[in-house]
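Here are some exercises to work through with the model open beside you. Try each task before you read its solution.

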Protein chains: 2
Amino acid sequence: MKINSNYLNLEESYLFSTIAKKVNEFQINNKDADIIRLGIGDVTKPLCGAVIDAMKKATDEMGHAETFRGYGPEQGYTFLREKIRDYYSTRNVKLDVKEIFISDGAKSDLGNILDIFSKDNTVLIPDPVYPVYVDTNIMAGRKIIYLDANEENSFLPLPPKDLKVDIIYICSPNNPTGAVYNRSQLKLWVDYANKNNSVILFDAAYESFIDEKDCPHSIFEIDGAKSCAIEFCSFSKIAGFTGTRCGYTVIPMELERDSTKLNSLWLRRQTTKFNGVPYVVQRAAEAVFTQEGKKQIFETINYYKENAKIISDTLNELGIWFTGGKSSPYVWLKCPNNMTSWEFFDYLLSKAHIVGTPGSGFGKNGEGFFRLTAFGDRDNTIEAMKRIKELF
Amino acid sequence: MKINSNYLNLEESYLFSTIAKKVNEFQINNKDADIIRLGIGDVTKPLCGAVIDAMKKATDEMGHAETFRGYGPEQGYTFLREKIRDYYSTRNVKLDVKEIFISDGAKSDLGNILDIFSKDNTVLIPDPVYPVYVDTNIMAGRKIIYLDANEENSFLPLPPKDLKVDIIYICSPNNPTGAVYNRSQLKLWVDYANKNNSVILFDAAYESFIDEKDCPHSIFEIDGAKSCAIEFCSFSKIAGFTGTRCGYTVIPMELERDSTKLNSLWLRRQTTKFNGVPYVVQRAAEAVFTQEGKKQIFETINYYKENAKIISDTLNELGIWFTGGKSSPYVWLKCPNNMTSWEFFDYLLSKAHIVGTPGSGFGKNGEGFFRLTAFGDRDNTIEAMKRIKELF
C-alpha cells in the first residue's frame, strides 16, 4: 500500500493563519483599536428574498410524498440548466442544456476536471494566482509552467511565444488581481489554444461584476472558444451562495481531444463520482434568474461595486498604482514606498487598523502588492479609506 | 494534450436503460397491466418533520445579515460532527470530531478518496458489487482483483489466502445482495488488512437497517479497525437524503501508511477540491439526531423493514433461496427453475407485472440472481407478493 506521494510535494499555506495571528496579537495589545477588515474574500450580504422563498417552497415539497424528490440527475435538473442556457443567450452565446453541468461550486469542478486529462499534460498557470490551480496539479504530479503576471503587463499576461502547453488557466475577472481581459486579449488566448491543441480552463466566478462593455463575461463570446475552452462559474459571488454551494461548468459538444468529446468524459466522471446538488439548492439557484431575483441580486452586486469604487477613487487620488476595482470586487495595489507585502500589511494594521491580504501569498509576482476587497460594510469601507488618506 | 485514456477502458452499463426500455414496451403492448416496481433503489418516503423544520429555520437564517453564513469549514460544521461523534459513542466507538468529515454523500467520497492513494496499489472488489467501486478504479488505471461472492459463501466472501492486496472494498449491509457481515467475519477482514498493510474502504450506507445484534453497524466496533479502515456513511437511506445530499467519512488518526496520516491527506484533498456542504443541509442532517428526528426516522425505516419482511416471508414460504431482507432493504434471490437473471426479469414482468433488477447487471456472479427492494409502497409490496405466490 502506497499513498499518492505527490501530496508530499504540496506546500502548506500559512497566509490566512498568519494574518489571523497578527491581527489577534495586535488587538490584544491595542484593545481600543477599531480594526476594519478589508481582506475578506467571502460575501457578507444575506441571500435575497426571491432565493429564500424558493428554497422554503422546495423544502416544503421535500416534506410531502407527492412532491418529494429522491436522487436527481447528476448533471443537474433541466429547470436550472435551461435558465443558465437562457442567461448565456442574452449575450449571444448559444448553448445546449447538455453542455451545462450543475455542481456544488467552481472550486470542486476546477479541482475534479483534471480527472479527465492525462497526467502527462503540461499546465500553464499565471502567477500570482488562486492557489487551488497549483495545488490540484501538484496532487496529480503534473508539470506546471508559471506565466508572469506583473505591473508591466498590468497583470494580464498574453500567450507565450515559442512555448506549447496543454492546459491553460485563465481567471477573468481575476482573483487576486481584479484585472479583466478584454475581447481582443481573450481572442489571442483562444487562437493560441486552438493552434496548440490546448484546453483553456476559464474561471468566470466573478463575471457578474463586469461592467466594461469590451470585457466578455464568458469565454464563449469569443469566436473559436467552443473548440478549446471549458468555463466554470458559480452562484457564490453572483448571489451570495458561498455557504449554499451551487455552480456550473460548461463543456461545449464541439470540444474534442484524442477524438473524444470532453463533455462525454466529464459526464462519465460526474455520474460515477457525484450525485448531484440538493434539490432545494437548485430551486434556490433557479430563483436567481426570476425578475425579482435579478433585481435583488443587482442591488447587492451594486453595493459591493460601490465599495470597490470608493477604494479605487481613494487610490487614484493618492496616485497609488492598482488593478481591479472596476468590473471586480478586488483591488490589487502596489505597496507604497517600495514596501514588501508583509511590511505594508504591518504598516496598515498598526497605523490605520486596517487588515488586507499580502500579495506575496498568491505567488512570487505578488510580492510588493496587496489585495483589498469590496465585500465589507459600506461605512467601514468609507472609514478605512479616510484613514488611508490621512496616512499618505 | 492527451485525455485520461483510462476512461476509454470503462464499460457502458445498459442495466437500468434496458430495464426502462423493456418495461416501457411491455406497458405499451399491455395498456391495462398494473405494473409494480420493486427494482427501485431510491427512497420514496418524504423527509421527516424535524428535518423539514430545521431546514426552514436555517433558510431563514440565511436571509438575514446577522445570521447569514458564507463559506463554512470544508470538513463540515462542528455542530453536526459532534452529533455524529455522539452517535458512534452509543455503540462504544470513541471518535474525535477531527476524524469525521461531512460530505455531499458516500458516492462522492468513495470516488474521491482514491485521490490520496498511489495508482500502483492493487484493489480487491467483491463480485457482484455496486458499480462505482469498479469504475472509479478503472478511471485511475488501477489493477482490480475480483473476489467471488456466491451462494457457497452466502455472498459474504472472506479474506483470500496467499494473496496480498492494498485496497479492499467492503459494503455491509451489501448492495446489491443485502448480506451482512457478522462480528467474527469482520474481525477476519481487519486482521487481514493489518497484517498486509491494506486499507479497508468500508461502505456503511445501509447501517441503519441492521437489527441483528451480532452484525456491527460500524467497522470501528471491531478491535484493530482504526489502524486499517476508512468508513463511509450517508444520510440517504437513514433519513431519505438521496435528493438532499449529505454523508460523512470517518478516518481515524491512527490510520497511517508510508508514515503519513491518511486523515491529513484527506483533509488536504477536501480543503483543496471541496468547499463543504450547504449550511441548510447540515442543519437538516443535525435534526436527524434530535429526539423527535430519531423517532420519525425510526418509523420510516421500520416501514421499509416491514416491506422487506413481507418479501422475505413470501420467498421463505415458496422455498426460494435468498440473502438480505433482514438488516437490509435489499432481497437478493436465486432465480427459480435455473432461469438466468434476464429470463427471470422477463418472466416476472410478463406473468406478474413486477419489475425487479437482474443480478447479472452487478457482476458475473450476479448471473442467476435477482434483486428486489423494500423501498416501495406497502400495498404494492403486498400485492406483488400475492402475485408471486400465485405464480410459483
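This is a predicted model: local features need pLDDT of at least 70, side-chain atom pairs count only at pLDDT 80 or more; totals for chains, interfaces and linings use all residues.

Residues are numbered from 1 along each chain as its sequence is written, while chains are lettered from A and ligands numbered from 1 in the order in which they are written.

**Exercise 1. Describe the fold of chain A in overall terms.**

Step 1: Begin with the secondary structure, where chain A has 12 helices and 15 strands. Helices (H or I, at least four residues) and strands (E, at least two) are DSSP runs, numbered from the N terminus.

Step 2: Turn to the dimensions; the C-alpha trace of chain A spans about 60 × 55 × 50 Å along its principal axes.

Step 3: Look at burial. Of the 392 residues in chain A, 55% are buried, meaning that 20 or more other C-beta atoms, placed from the backbone, lie within 10 Å of the residue's own.

**Exercise 2. Find the domains of chain A and describe where they touch.**

Step 1: An automatic or database domain assignment gives the bounds: domain 1 covers 5–46 + 293–391, and domain 2 covers 49–291.

Step 2: The centres of the two domains, taken over C-alpha atoms, are 26 Å apart.

Step 3: Domain 1 of chain A brings 36 residues to the contact and domain 2 of chain A brings 42. Two residues are in contact if their C-beta atoms, placed from the backbone, lie within 7 Å.

Step 4: On the domain 1 side, helix H10 (291–318) of chain A gives the most, with eight residues.

**Exercise 3. Work out how chain A and chain B are related, and which parts of chain A touch chain B.**

Step 1: Superpose the copies by least squares on the C-alpha atoms of residues with pLDDT of at least 70 in both. A rotation of 180° with 0.0 Å of shift along its axis places chain A on chain B (RMSD 0.0 Å). The two copies are thus related as by a two-fold rotation axis.

Step 2: Locate the axis with A:Lys56, whose C-alpha, at 3.0 Å, comes closest to it among the residues of chain A.

Step 3: Count the contact, which takes 65 residues from chain A and 65 residues from chain B. Helix H2 (49–62) of chain A is one of the contributing elements, and H2(A) supplies the largest share of the chain A side, six residues.

Methods. A residue is buried if 20 or more other C-beta atoms lie within 10 Å of its own, exposed if 12 or fewer, and partly exposed in between; C-beta atoms are placed from the backbone.
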